[in-house]
Amino acid sequence: MVKIIAKNISKYFKKRNGYVIALDDVSLTVESGARFGILGPSGAGKTTFMRIIAGLEVPTKGELYFDDKLVASNNKIIVPPEDRKIGMVFQTWALYPNLTAFDNIAFPLTNMKLSKEEIRKRVEEIAKILDIGHVLDHYPRELSGGQQQRVALARALVKNPSLLLLDEPFSNLDARMRDSARALVKDVQEKLGVTLIIVSHDPADIFSIADNVGVLVKGKLVQVGRPEDVYNNPVTIEVANLIGEINELEGKVTKEGVIVGNLKFPLDKSYKSERVIVGIRPEDVKFTKDLINDENWILVGKGVVKVIGYQGGMFRITVTPLEGSEDEEIVTYMDHPLKRKEEVLIYVKKGSVKIFET
Amino acid sequence: MRPVIRATLHYLALVVISAIWLIPVYAMLINGFKSNLAVLSTPVLVPPTSFSLSAYHIVFNALERPLLNSLIVVIPTALISTFLGAMGAYFFYTLTYSFSKFLSSLSDFLFSLITLATFIPYQATLIPLTRLVVSMGLLDNYLGIMFAMLIFYIPTGALLMSMFISVVPRSIIEAAKLDGAGDLKIFMKLILPLSLPGFISTLIFIIIEAWNNFFIPLVLVTTPGMRLIPVAVESYTGGYGTIYNETFAAAVIASIIPLAIFIFLGRYFIRGLIALGGGGKGV
C-alpha cells in the first residue's frame, strides 16, 4: 500500500480575467493503509485535489509523493496516471456504457497481459465480494444505481490498486442504499488493506468511512483530525457547519458571558473581539418547561417556540429568544412536541458551547 | 394564438416547404417516362399520357459503368476519410486536454487550419492537385481519384467527428486512462463505439458529398471507361443538343444510390445529430 504526501500544493486555473485559485498551499500526509476523508463545500477544491492525486490534473505549484517517489511537481506530471496503481470511483461512476458489467470490470485487466482464465477468475472473485455475480452479463443501463456503483467499485478494485480514490461515490444513491454502500466500502477496504481517500460534502460519508478527515474551505486545508475531534472542536463556524448541524447565534461578549437577546451563554476564556458567534450542536440543547436539577445542564434563558417539524421519528423544535432578534434561532430534536408560541427554558450542556471570533 | 391555429399554420408551412423540395424530384421522375417529343411538347409538370421505359433502358446501359466506378471510388473514400478523420479528431481532442499549454494552443491552431482547408474551393487547387496526381502516376486511375478526394474529405471527417467525440463524457476517457488503456485502445474500444451514430452521420455526409463531386473526377479521368457518375450525367447536356427524356432518366439513376443510403441509414443520421444535443445518449 502507499503513503501519500502532498507538499504545498497549489492549483490555479486560468480564466479570462486572471486566475482562479482552486487549491492554496495544501500540505497533507495520508499514511499507508489509512482511510482519509476530504470534506468541503462545493467549489472548495476537493475534486481538484483528488484529480491531482490521480494524475488527471497537474499541480501548479508544490510536490506530490507516493511513498518517497515524486509523482508530480511544479506543473509537471512525473508518473502518469496509468502508472500510479490507482483505483478510482468517479462521482458519475463513468462506467463504459457500451460494455457489459463483466467487460467493464475486466477492462483494467485486459491492459495487463493476463490470460483469459486469469481475468475471468479475478473478475468473478471481486464480483462475489461485491455481490454482483448475477448481473455480470448486463449493460450498465440495465443495472440499478446501487449495482452500477458496485460495478464501478469492482472495476476500481480488480487491479489490486495501492490507492483507492472515491469522489462523492454515494451522492447518486438513494438514502436507503447509502448506509449499506458505505459499510461495504469500509469492509472491502479492511479486507484488502488499500489506502483510501474519499471526497465528500456529506459528513455521514466521512464518519462512516474515514479515520481522519481534512476540511477544505475555499482551496485551503483549514483543519485535519479525527472526525469526532473536528466535530467537537471545529476551528471555525464554517467547519462546524460542514461536519454537522449546528445552531449559529450572533452574540456580544460581556464580563458575565456572551449575550444573545435575553440569553446568556457561559464564557470559558476571554475573547479579543466584542462580537462573536456562538455555536451549539442540536444535541447539546434542551427545551423544558420546568427547571432541571443537573449540574451538567446550564440554563441560558427563556425562549419562545417558533416552528415544530417532524423528522425521522423526532420532533424538530425551533425556538427564538424571548427578547432580541427574531432571526436568532435554536434548533433541537425532542421525542415529544411542544406548542407553538409556548415559553420554554433553554438549557445547554456544560462545556459544549463553541465560541468563534469573527 | 389558439393552439389549433398555430398547429395548422405550422403544418401548412411544412407542406409548402416540402412541395418546393419535391416539385423538381417529381418533374425529374415523370419526364424520364415520356418520349423525347412529349418532353418538348407538354408542360414539365404534366404526367406522361403513355409510359415509356425506353429512356431509362438506354440510359441505364450507358450509366452502368460510371455507376460502378462511382461506387468503387466513393465507398472506400468515405470509409477511410471518416475513420481517419475520427482518429484525427481524437488526436486533437487529447492534445487540447493535455497539460501542456503549448500543445493545446498548437492543437487549436492546427485544427483551425484544417477547418479552414475544408472551405478551399476545389477549383483553386486544380492545377497543383492534377500535377501531383500525374507525378504519382495515378492519372485516370481509381487510386488517383480516391487520393484527391481523401485530401478534401479527411479534414471534413475530422471536423464533423470532433463535434461528435467531444460529446463523449470526459470521465469515461479518464477512467480508461487510469485503467491503463492506451490511446489506440481507448479510441477503438470506447470512442468509436460511443460515437457510432455520429460516425454513421459523418459517413453518410461524406458519401453524398463524394458522390456528387464533379470537378475531381472531371479533371483526373481521361478515358470514358473511367468516368464517374456526375461527369457521365453532365455529358447528357451536350453542346449541340439535349435529349431531355434521357437527361431526366440519367438524373434519376444517378441519385438512386445516395437516396437509398439516406432512406435506409437516415435514422442513424438523425440519431447522430440528436446525440450532439443529448449528451451522447443517442447510443
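The model is predicted: local features need pLDDT of at least 70, side-chain atom pairs count only at pLDDT 80 or more, and totals for chains, interfaces and linings use all residues. Residues are numbered from 1 along each chain as its sequence is written, chains are lettered from A in the order in which they are written, and side-chain values use heavy atoms, without hydrogens and water.

**Interface.** Chain A and chain B bury about 1900 Å² between them. Of this, 63% is on carbon and sulfur atoms. Buried area is the accessible area (1.4 Å probe) that two parts lose on being put together, summed over both. Tyr96(A), Asn98(A) and Phe107(A) supply 26% of the area that chain A buries against chain B, more than any other three residues. The contact (heavy atoms within 4.5 Å) takes 26 residues from chain A and 17 residues from chain B. The rule finds 3 salt bridges across the interface. A salt bridge is a side-chain nitrogen of Lys or Arg within 4 Å of a carboxyl oxygen of Asp or Glu. Arg155(A) and Asp179(B) form a salt bridge through their side chains, at 3.8 Å from N to O.

**Cores.** A nonpolar core joins buried Ala, Val, Leu, Ile, Met, Phe, Trp, Tyr and Cys residues through side-chain atoms within 4.5 Å. The largest has 55 residues. Phe49(A), Phe66(A) and Leu163(A) are among those with the most contacts inside it. Helix α8 (residues 183-194) of chain B gives the largest share of this core, 6 residues. A second, separate core of 42 residues includes Trp211(B) and Ile216(B). Beyond four places in sequence, Leu163(A) touches residues including Val2(A), Phe66(A), Lys85(A) and Ile197(A).

**Two residues compared.** Buried means under 20% relative accessible area, exposed over 50%, partly exposed in between (1.4 Å probe, protein chains only). Helices (H or I, at least four residues) and strands (E, at least two) are DSSP runs, numbered from the N terminus.

| Residue | Place | Relative accessible area |

Ala44(A) is in contact with Ala22(A), Leu216(A), Val217(A), Lys218(A) and Gly219(A), leaving aside neighbours within four places in sequence. Its C-alpha atom is 7.9 Å from that of Leu23(A), 21 residues apart along the chain.
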